[in-house]
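Visitor: I have a model open and would like to go through its contacts and surface with you. Could we take it topic by topic?

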Amino acid sequence: MSNKLLSLLCFLSVSLRLVWGNTVPVILYSHKLSPGLLRYQINYNFRQTIPHDSIKIIAKELIENCNSDAYIFINMPGLLEYDLVRYRDEFNYLEQYLQTSSTGLTFEKVDYLSNASFNELIDFTKHTCNVRKYIQLNGNDTKQYEPYLDTDTRVIRIDFPPMNDITGEVRRDTISHFDKYLRTVLAQIPSPHQTVILTSLDSEGKVITDLKNEYIETMDKYDGIFNDIIAEKSDIEKNLRVNDVPLVRNKHKPLYEGLSDEYVSIFDNEFIQENYQLLQLIGTTIVAFLLYQIFIKPTTVAPLPSQENSNKRKLKVSKKSFNEDNNKTIETIETKNEEIRND
């Protein structure tokens with residue numbers, strides 16, 4: 001008979017026990033989906049007590065999916081289901097992690113898990129998911145945890161100080177401190193893919209006398225730990241992240257794309273509307289220029305004689321004077337020749 005079937009039979013055959021104070025709550029969740037585990041929550045009555053062997057089978061089925069980068073085992077000695085109801089506001093960060101998980105289970109009454117059972121689950125995780133790195137932390141020492149950046153899978157165990165004998169506001173403050181410390185560790189893990197198992201180990205199995213009456217009164221009015229969150233869980237992955245998204249690059253666009261083939265006309269309405277002021281200015285300029293040419297005659301100024309014309313005139317005057325002088329000389333010679341002949 002398989003472990004899954006055995007666990008299911010344990011749920012159906014478990015006896016209804018209403019004895020308070022000798023059971024502990026167990027919270028299990030995984031950031032990524034672990035298919036099929038929801039059936040244990042559906043078949044569970046929050047007033048039933050689950051044998052510790054059955055809860056180990058459920059925990060192993062959660063772990064064997066090996067879909068996380070960190071497996072965190074949390075021990076809060078003295079934790080009661082009463083604390084998760086009465087001090088729910090103090091478990092603010094735990095509630096947020098449970099709400100954002102794809103798989104989440106809460107069991108209010110579970111027979112105590114021993115320290116050996118916890119170590120058995122840790123060894124099962126190391127062997128099944130091939131985890132080689134292990135970290136053990138004290139829940140009251142904030143300086144003990146050293147953040148890491150590599151992607152190696154790790155098993156982390158956190159043991160908080162016992163709070164069996166703590167009551168009143170001190171208990172409230174202690175739970176708030178535990179919750180903040182838990183957030184400090186989980187938020188620094190370099191991957192959101194985490195599997196968490198939280199419970200109380202090695203408790204005496206008794207509720208302190210100061211809480212007895214308040215415990216009974218509170219438990220009679222509630223219907224499960226984080227029942228509103230668990231009711232929304234389904235076998236659907238809610239933290240799916242696609243890593244093979246193609247790289248988006250900008251299209252090549254040259255600085256000069258050439259002249260547009262689109263025909264542009266000054267009679268186009270859109271062109272006229274966009275360039276109305278420019279066309280108006282061009283038209284006004286052309287009309288003004290034509291009117292100026294037609295109705296206003298410019299004064300004509302005689303051109304100044306060029307240097308070449310002046311030289312030609314001087315040359316003509318020189319030739320004329322030369323001819324006149326030459327003629328006078330010829331006449332004088334002829335007159336003298338004639339006088340000589342008469343003599």
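Visitor: Which cysteines form a disulfide here, and how far apart are their sulfur atoms?

Guide: Cysteine 66 and cysteine 129 form a disulfide, with 2.1 Å between their sulfur atoms, where a disulfide is taken as a pair of cysteine sulfur atoms within 2.5 Å. Please keep in mind that this is a predicted model, in which local features need pLDDT of at least 70 and side-chain atom pairs count only at pLDDT 80 or more, whereas totals for chains, interfaces and linings use all residues. Residues are numbered from 1 along each chain as its sequence is written, and side-chain values use heavy atoms, with hydrogens and water left out.

Visitor: How many disulfides does that rule give, and what is the handedness of the link?

Guide: The rule gives one disulfide, and the link of cysteine 66 and cysteine 129 is left-handed, with -90 degrees about the S-S bond. Cysteine 66 lies in the loop between α3 (52-63) and β2 (70-75), and cysteine 129 in the loop between α6 (115-128) and β4 (133-138), so the pair ties together parts that are 63 residues apart in sequence. Helices here are DSSP runs (H or I, at least four residues), as are strands (E, at least two), and they are numbered from the N terminus.

Visitor: Buried or exposed, those two cysteines?

Guide: Cysteine 66 is partly exposed at 33% relative accessibility, while cysteine 129 is buried at 14%. The classes are buried for under 20% relative accessible area, exposed for over 50% and partly exposed in between, with a 1.4 Å probe and protein chains only.

Visitor: What about the backbone there: what is phi of cysteine 66?

Guide: Phi of cysteine 66 is near 50 degrees, a positive value in a residue other than glycine. Most residues other than glycine have a negative phi. Asparagine 130 also has a positive phi, near 55 degrees; asparagine 130 lies in the loop between α6 and β4 and counts as exposed, at 55% relative accessibility.

Visitor: Switching to charges, how many salt bridges are there?

Guide: The count comes to 14 salt bridges, each being a side-chain nitrogen of Lys or Arg within 4 Å of a carboxyl oxygen of Asp or Glu. One of them joins aspartate 83 and arginine 171, with the closest N and O atoms 2.8 Å apart. Aspartate 83 lies in helix α4 (residues 81-86) and arginine 171 in helix α7 (residues 168-188), so this pair ties together parts that are 88 residues apart in sequence.

Visitor: And how covered are the two partners, aspartate 83 and arginine 171?

Guide: Aspartate 83 is buried at 0% relative accessible area, and arginine 171 is buried at 1%.

Visitor: Which residue does aspartate 150 pair with?

Guide: Aspartate 150 forms a salt bridge with lysine 133, where the closest N and O atoms are 3.8 Å apart. Aspartate 150 is in the loop between β4 and β5 (154-159) and lysine 133 in strand β4, so the pair ties together parts that are 17 residues apart in sequence. Aspartate 150 is partly exposed at 30% relative accessibility, and lysine 133 is partly exposed at 32%.

Visitor: Which residues are linked in a network of salt bridges?

Guide: Asp53, Lys56, Lys60 and Glu120 are linked in such a network.

Visitor: Now pockets: what volume does the largest one have?

Guide: The largest pocket has a volume of about 210 Å³, and of its 15 lining residues the closest to its centre are Gln41, Tyr44, Thr106, Asn227 and Ile230. Two or more lining residues come from each of α2 (38-42), β3 (103-110) and α9 (227-230), and α2 gives the most, with three residues. On a 1 Å grid over the protein atoms alone, a pocket is an open set of points where a 1.4 Å probe fits, with protein on both sides within 12 Å along at least five of seven lines, and lining residues have an atom within 4 Å of a point.

Visitor: Last topic, the surface: which residues form a nonpolar patch?

Guide: Leu278, Leu279, Ile282, Ile286, Val287, Phe289, Leu290, Leu291, Tyr292, Ile294, Phe295 and Ile296 form a nonpolar patch on the surface, with about 1200 Å² of accessible area together. Patch residues have over 30% relative accessible area and no salt bridge, and nonpolar side chains (Val, Leu, Ile, Met, Phe, Trp, Tyr) are joined within 5 Å. Leucine 278 is found in helix α11 (residues 276-295).

Conventions: Patches are made of residues with over 30% relative accessible area and no salt bridge: like charges are joined within 9 Å, nonpolar side chains (Val, Leu, Ile, Met, Phe, Trp, Tyr) within 5 Å. Accessible areas come from the Shrake-Rupley method with a 1.4 Å probe; for residues, only the protein chains shown count as cover. Grid points are joined across faces, edges and corners, and a volume is the space filled by probe spheres set on the points.
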